[in-house]
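Reader: I am new to this structure and would be grateful for a close look at one part of it, followed by an account of some other parts.

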Amino acid sequence: MQREFNYILTNDLDIPLSINILSLECARERSSYMRMYPNILSEITGQMFLKVSLFSNGRLVGTPMPTKYVTNTKESTSGKSEGLSSGKIQTWNEWMEFPIKYSELTRDAFIHFSVWDISVTDCKEIFIGETVMTLFSKRGTFRSDIIDLRLDPAKKGENKDNPWKMPPKSAFKLAKYPHGDEKMNELMKKSKMHLNGLMKRVNFLDKISLSEIEQIKADKKRKCNWLYLSIKLPAFTYDTNPYTLVFYQEEPMLPHPFMPFVSAYVDPEQDLENLYETRHYEMTRNCQGDDRSVKPSAQMKHHLEKIIKKPSCVPITPEERDVIWKFRYWLMKFPSALTKFVRCINWEIEEEVNQAKKFMNNWALCDATDALELLSDQFVHPFVRSYAVSRLQEADDSVILLFLPQLVQSLRYEVSAFLILTSKEFNMEQSLEDRGVASFLVEKSTKNREIAILLYWYLKVEIEANERVDKAVSELFKDIFNKMLLAFDQLGAIGREIKMTIEHQLKLVNGLENLAKSIADETGRIDYKRDLCIQRLSEDETFTKLHSLSLPLDPTLTFATSAHYVHELNSANDNYTLLFKRGDDLRQDQLVVQMIKVMDLVLKKEKLDLCLTPYSVLATSPNEGFVQFIKAYPFREVNNQGGIRAMLKKYRPAKTPEDIEAEALNNYTKSLAGYSIICYILGIGDRHMDNLLLCENGKMFHVDFGYILGRDPKPFPPPMKLNSDIMNALGVEDCDRRKMFVTYCYSAFSILRRNANLILNLFQLMLDAGIPDIAVERDKAVEKVLQRFHLDLEEDEEKVYSKVISLINESTSDRIAAIMDVAHDFKQNYLN
């Protein structure tokens with residue numbers, strides 16, 4: 001065993017970087033690669049070549065360099081063109097030198113390889129596949145020895161490589177360990193340690209072990225359809241002693257921010273591993289062993305309860321991690337403690353990961369809401385995400401439909417999705433442990449028609465929205481999109497019906513878009529444009545032949561037979577009206593309405609029905625979509641006709657002291673309380689009397705959610721929209737109905753505070769969804785929602801009640817908001 005670590009620093013090595021490109025290898029018969037690599041030629045031409053690109057500091061160094069022209073005969077490739085069993089498809093054995101020195105490399109440097117062939121018919125370049133290799137390990141050491149990289153296949157007809165298809169570190173991890181076998185990965189790590197002299201050498205045992213490892217490695221290769229690119233990196237020796245190349249870059253001396261005459265010193269170890277903390281971590285994990293008898297005291301139970309109740313967005317301290325690990329056996333009976341246990345695990349330490357898996361498999365089963373937390377970008381280990389999927393598998397389809405937008409967004413955090421999607425054969429019987437959210441959603445879409453149609457539109461929007469922002473993410477969603485369509489083909493008649501429905505829906509949306517564009521280009525008064533729109537709706541076959549077509553907004557509903565009113569839908573003899581909006585990004589409205597639906601279900605689960613009206617919204621592209629229309633009157637119009645009570649007397653008269661049905665007043669009181677609390681928690685802004693609506697049955701609701709998370713176009717907005725007109729409809733001050741309103745507000749706030757983690761998890765999964773008001777301050781979005789729950793008040797009912805009272809009083813006495821309402825009403829009534 002080598003007792004000394006010999007190394008050389010990169011900044012001391014002023015010679016050009018070079019690598020040796022050895023060969024392209026296969027382990028199975030050639031025919032097995034045809035489906036995996038659709039662009040590969042049926043005959044071995046022997047003229048394959050590589051394009052090699054070096055990236056440093058996120059930029060391309062020089063230009064892509066091709067390998068030299070080499071013609072390999074069939075004999076040299078160790079097989080025949082039709083029956084190649086294994087061996088080298090192409091051999092180069094070429095040292096390639098880059099126009100950059102080792103001392104000039106950055107820590108994130110990586111090399112991108114793309115494999116190309118030459119068509120024998122027209123001599124055109126054919127893109128076969130690509131792979132990536134990072135030059136430095138996570139500890140900053142230069143990679144060494146021979147590395148076999150799995151070749152990621154190009155799509156059929158694709159003729160352009162993409163170095164940024166995945167983050168380089170993730171891409172290299174998949175390329176180096178394509179089989180995903182943990183035992184195999186561990187053997188490879190041990191083999192590397194032996195090569196570097198970090199293990200004691202026993203000659204006769206080493207010979208047997210290394211031979212066996214190579215045999216296992218070869219067997220693994222034969223079980224899959226990958227091609228492997230073999231790369232050799234240079235070794236550094238001095239006096240026959242091997243040296244390791246370690247990345248090092250001198251920090252420049254910077255001027256002190258407050259004292260220019262003093263040079264600022266940057267600690268070179270500030271971002272490195274703290275050996276004391278690492279040692280403490282190892283001791284706390286190992287010294288306790290499997291002591292099942294350790295139980296917390298009453299005081300410690302209270303401390304553990306506080307840790308478990310911590311919101312998911314609040315980090316756990318190292319001390320709290322140690323406490324969770326110490327009492328892990330006792331905590332196993334609490335489902336809600338699982339996510340905190342997962343957070344206290346270091347998922348890069350293999351031994352600890354193996355222990356964590358055993359605990360998670362025996363832990364009390366968590367529900368789907370807790371499983372959502374494990375699908376965020378904070379958890380990338382495949383086992384954790386597979387476990388979350390296994391819990392979602394047990395959930396009802398209604399729960400999956402409710403959380404479908406977040407499940408679609410979680411796909412962008414799933415590195416293993418790339419492995420799933422590169423397999424050209426979709427296997428319905430694949431083990432759940434080997435699957436992620438991608439396969440789960442595709443499978444769900446084959447079993448539930450409503451999920452299939454909504455998933456189609458969610459994926460379509462993500463493909464289009466990410467096309468220019470992040471090409472790799474757009475390609476990921478496109479792959480899943482194509483997999484879903486392929487799965488429909490395997491369903492037979494049912495799948496064909498779903499695909500036909502989607503095609504007709506897409507035709508309808510395109511027709512509405514074209515119609516909206518043509519009407520917008522017309523000149524004339526609004527009456528002329530409306531008549532022209534009705535005429536074209538009645539003449540175009542796109543809108544006249546919609547009988548029994550499912551509505552994109554709600555696939556459980558179908559269009560009626562009438563060609564003159566395409567907005568009428570047939571569902572149990574009830575009319576369902578919708579609006580098609582063009583030029584608006586409805587994804588933010590779609591998120592807010594989803595949150596209102598979730599909160600409504602949470603409240604109803606606690607036996608509190610606040611008569612909310614969560615209408616439906618569906619974005620069909622980043623700038624258009626459908627909105628359900630609810631028959632209601634804007635509060636400004638209601639006030640112009642005598643006020644809220646006058647409206648209710650008109651539509652819900654009764655022989656009561658107030659001349660209004662008690663149910664209508666109760667509906668108004670409950671819905672006002674519910675929307676006041678919900679709008680406060682979500683920080684919904686731009687609340688004026690045109691986006692508050694009143695139904696004939698007394699229920700009120702909010703629309704137009706263009707401003708959320710505390711953003712507002714007007715200065716100093718109140719916490720809730722509770723002006724004098726709104727409050728006077730409840731009655732005089734201190735009347736019973738106003739007291740009921742306060743009670744409903746307090747009850748709703750208390751219930752939602754207890755379920756704050758669900759709302760925070762849903763927002764966490766939407767951070768990268770391109771929602772405008774989230775994207776403005778992505779890092780603070782979840783924190784803004786968290787602050788409005790006021791969890792620092794804990795379970796003190798008196799403090800929570802006082803907080804609700806203060807919010808209501810602040811809202812009703814806000815004079816600036818009253819002035820803004822007068823200005824808005826004047827503009828709408830007289831200037832427009």
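Which polar contact does the side chain of Asn 448 make, that is, from which backbone nitrogen does a polar atom of that side chain lie 2.9 Å?

Author: The model is a predicted one. In it, a polar atom of the Asn 448 side chain lies 2.9 Å from the backbone nitrogen of Glu 450. Asn 448 itself belongs to the loop between helix H16 (437-447) and helix H17 (449-465). With a relative accessible area of 15%, Asn 448 counts as buried, because that value is under 20%.

Lys 607 has a positive phi of about 65 degrees, although it is not a glycine. Its place is the loop between helix H22 (587-605) and strand S18. Lys 607 is exposed, with a relative accessible area of 77%. Asp 659 likewise is not a glycine and has a positive phi, of about 60 degrees. Asp 659 is found in the loop between helix H24 (644-651) and helix H25 (662-682), and with a relative accessible area of 40% it is partly exposed.

Three strands form an open, antiparallel sheet in the order S17-S19-S18. Its edge strands are S17 (577-582) and S18 (617-621), each of which pairs on one side only. From one strand to the next, the twist averages 25 degrees. Between S17 and strand S19 (residues 624-629) there are 6 bridges, in the antiparallel sense. Arg 582 stands opposite Glu 624 in S19.

Another open sheet has 3 strands in the order S20-S21-S22, and here too the pairing is antiparallel. Strand S20 (633-634) and strand S22 (700-702) stand at its edges; each has a single partner strand, so one side of each is left without a neighbour in the sheet. Strand S21 (residues 692-694) pairs with S22 over 3 bridges in the antiparallel sense. In this pairing, Leu 694 stands opposite Met 700 in S22.

Of its 5 residues, 4 are buried, so S10 is largely enclosed by the rest of the structure. Strand S2 (residues 16-26) pairs with S10 over 5 bridges in the antiparallel sense, and the bridge partner of Leu 24 in S10 is Leu 229. Strand S8 (residues 146-150) is also joined to S10 by 5 bridges, and these two strands run antiparallel.

Val 202 is found in the loop between helix H3 (182-195) and helix H4 (203-222). Val 202 is partly exposed, with a relative accessible area of 31%.

Finally, Tyr 744 lies in helix H27 (residues 736-754). Tyr 744 is buried, its relative accessible area being 18%. Tyr 744 and Leu 672 are 72 residues apart in sequence, and their C-alpha atoms are 9.3 Å apart in space.

Notes: Residues numbered from 1 in each chain as written. Predicted model: local features only at pLDDT ≥ 70, side-chain atom pairs only at ≥ 80, totals over all residues. Heavy atoms only, no water. Pairing = 2+ DSSP bridges. Axes fitted to C-alpha atoms, helices over the stretch in contact; angles between N-to-C directions. Buried < 20%, exposed > 50% of the residue type's maximum accessible area, 1.4 Å probe, protein only. Polar contact = N/O pair within 3.5 Å; in protein donor to acceptor, adjacent residues only side chain to side chain.
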